[in-house]
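Here is a short briefing on one protein model. Please look over the sequence and structure before reading on.

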Amino acid sequence: MSGQVDVTAQRHASELDEVLRHAVGAAGAHIGVIYLLSDDGQVLFLDTEIGLPAQVVKPWARLRMNAGAPAAAAVRQRQLVWAPDHQEMARRFPATALALPYPFAAAAAPIQTGDRVWGALALLWPPSHPSELASHEQESMDAACKKLGGLLGQAADSGVLPPHTGEPRVLLPTPGRTPEVGQAVAAALYLDRFRDGCLAFSLEGRITFVSASAADLLGGDVAGLLGTPLWEAAPWLKNPVFEDRCRAAVISQETTSCTVRRPDGCELRFYLYPDSTGISLRIAPVPIDQATQPHPYEPLDSSLRSLQQADVFYNFVHLATALTRALNVREIIDLFADQVMPVFKAKAMAMVIAEGDKTKVLGSRGYGSEVLDHLDGLSLNSVTPAERVLRTGEPLFFSNRGELRHMYADAPDCDDMAAWAFLPLAGSDGGIGTCVLAFAEPRPFSTEERTSLTTLAGLIATALDRALLYDAKERLAQTLQETLLPRSLPEIPGLDVAARYLPATRGVGIGGDFYDLIRLSDTLLMAVIGDVQGHNVTAAALMGQVRTAIRAHAAAGATPGEVLEHTNRLLIETETDLFTSCLLVQVDLRLRTLRTSSAGHPPPLLRPPNAPGEIIDVAPGLLLGVDTDVDYSTLEVPFPPGALLALYTDGLVETPGVDIDDAIGALAARLTDASEESLHQLSNTLLGPAPHTMRRTDDIALLLLEHRMGPP
């Protein structure tokens, strides 16, 4: 009977896949995804996708229903959602625009039958798509959603609805034409005559073609490179800019380029030409006299520009993380002024909201009292740029005073600026205000700048909306602290898990201690614990970045040491002044082993079955954010059934006047003495005599993992 159910489930899955393939082809899209709604209606799980590499899809495998994403909005609103360009995406879904900072058009529609909503279908097109969704495209989506709803209804009736595994099916795109043998040989000979190298790789990164010159530039041979993952063939291409350009090419389907330096110092220029099946590269050595300089024929996509965009993006990530933890309106405005104004070289800024039938200035930077007095108390019926943006939710950009005068002849002269961006601040219930950003010199706002500023305004609006609703600082601090840590830990067969977090009882109620448990497969997971220097919003923001980076690299298959190396480079590139200790433990329940790496964090404790607790002597590498060229070693130890692993932060063992080695030894002894206790009891035992339990000046995080007896 089980075999028959499996066959039926496979048939239904194949039918869903076929509908998705047809919908993508009929609508002329290059990416398509199917999300299915959880039984409780709170989460959308990515079931099937086509057109994206698996590693790019992983962060989107699970969407909360309240997420700022088109698919979630389509299900909430039960109607089609259309975002024709990245600027519109930034205005309506700033978090999605920040996570995918590339140009594309997107549509999402609910999959439903009657009153039952099953999920959502989402399609992506290149940015060259017209601003309106064509009738045949919408008809294709409607037909696909209707067909998918019918299939899912049948699957539910048969008891074989697709399970929410968190591992979506990745469909291979339909390949293009297959050349005849003679044509293929002629094409290869043609490309081999070029001094530039030519290479192609699939969406999953495997090299499908490489010319002799490209093999030379990558330091290999044609036979050895074919079929090899590009990042294994050339590990030095694990470069933030190159990886970003690959994602940009796949998602936008636009040609892009960047420069990457080989380990021997030679700079190579990469030109990326995407289609729905993969990316073709043209590789050219950069002449010595032009090294590190922008390419003269591609100023809009030069290496320098790519690096600047990456720098801006990392600043945005830092700001976005900080804003989600900002405690009050003043802090939000200061974050925007300190982190956004310098990036765009803005001279002045004012945040204006609607209060009753008039405007109110929440805060400003760089403006004098005359301008602020004019903005404060304006009637919402007045004809001004700020009022129009608040009313319509559409941004306005004026490159010079002439453009402003052309649209608003009565604009006052109290503002001595030369260019302006009026950005909508749209809250959860509609517009809440306008952000006025002013510049001392005329400024022709590029499409990228308009999109970036609109994205930032959306992030600011979300933070302001929250701060205005929850103005009690202590309550907000507690809410934010909860969001910094996992709401729940994954359930792993064969593993019991317990986690505790105790905030400091003095000072700001937000700390930098964090823990995480990342499920990589049914028997493989990554345990994480760390401590960001400081106890303020900046430390909390950095902690969010560290957790995000660790999750991304762990999901991509990196070892604990490699994850720390990647995360360390990211923190240094963001130019933060804070450092982070971190400990990673990769747990393999099938092989019954632990692989651990440390970045200056207190060592883990291991209690083998029927044995005393002991310290795992992992080499303490440098803290994250100190040195770019640091390697983190990985230590492997047994983890048999019955063994228990304890990870903790220094708040549990550091006491003035007490040697930390003695304190860690005492913690291992308590672990031994409590061998008969459950994990819940054990966590209380370990935290009970912790220093400063009543008056803690530091946070404490504790993560316990016990390998249960029996097969995992």
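Which residue of β22 does Cys582 stand opposite? Cys582 stands opposite Ala599 in β22. The model is predicted: local features need pLDDT of at least 70, side-chain atom pairs count only at pLDDT 80 or more, and totals for chains, interfaces and linings use all residues. Residues are numbered from 1 along each chain as its sequence is written, and side-chain values use heavy atoms, leaving out hydrogens and water.

- Strands (E, at least two residues) and helices (H or I, at least four) are DSSP runs, numbered from the N terminus.
- Nine of the nine residues of β21 (residues 580–588) are buried, so the strand is largely enclosed by the rest of the structure. Buried means under 20% relative accessible area with a 1.4 Å probe, protein chains only.
- Thr580, Cys582, Leu584, Gln586 and Asp588 point one way, while Ser581, Leu583, Val585 and Val587 point the other way.
- Strand β20 (residues 524–532) runs antiparallel to β21, joined by nine bridges. Pairing requires at least two DSSP bridges between two strands.
- Asp531 has Ser581 in β21 as its bridge partner.
- Seven bridges link β21 to β22 (residues 593–599), again in the antiparallel sense.
- The β21–β22 hairpin has four residues between the strands, and Arg592 takes a positive phi near 60° there.

**Five-stranded sheet**

- An open, antiparallel sheet has the order β9-β8-β12-β11-β10.
- Its edge strands, β9 (207–210) and β10 (256–261), each pair on one side only.
- Neighbouring strands are turned by 25° against each other on average, direction ignored.
- Helix α11 (residues 240–252) packs on the sheet, touching β8, β10, β11 and β12. Contact means heavy atoms within 4.5 Å.
- The direction of α11 makes about 165° with that of β10. Axes are lines fitted to C-alpha atoms, for helices over the stretch in contact, and angles run from 0 to 180 degrees between N-to-C directions.

**Nonpolar cores**

- The largest nonpolar core has 65 residues; Leu199, Phe242 and Phe270 are among those with the most contacts inside it. Such a core is a set of buried Ala, Val, Leu, Ile, Met, Phe, Trp, Tyr and Cys residues joined through side-chain atoms within 4.5 Å.
- Helix α11 gives the most to this core, with seven residues.
- Another core, of 46 residues, lies apart from it and includes Leu584 and Val587.

**Helix pair**

- Helices α22 (residues 660–673) and α23 (residues 679–687) pack at about 150°, with their axes 10 Å apart.
- Leu667, Arg670 and Leu671 in α22 meet Leu682, Thr685 and Leu686 in α23.

Methods: Buried < 20%, exposed > 50% of the residue type's maximum accessible area, 1.4 Å probe, protein only.
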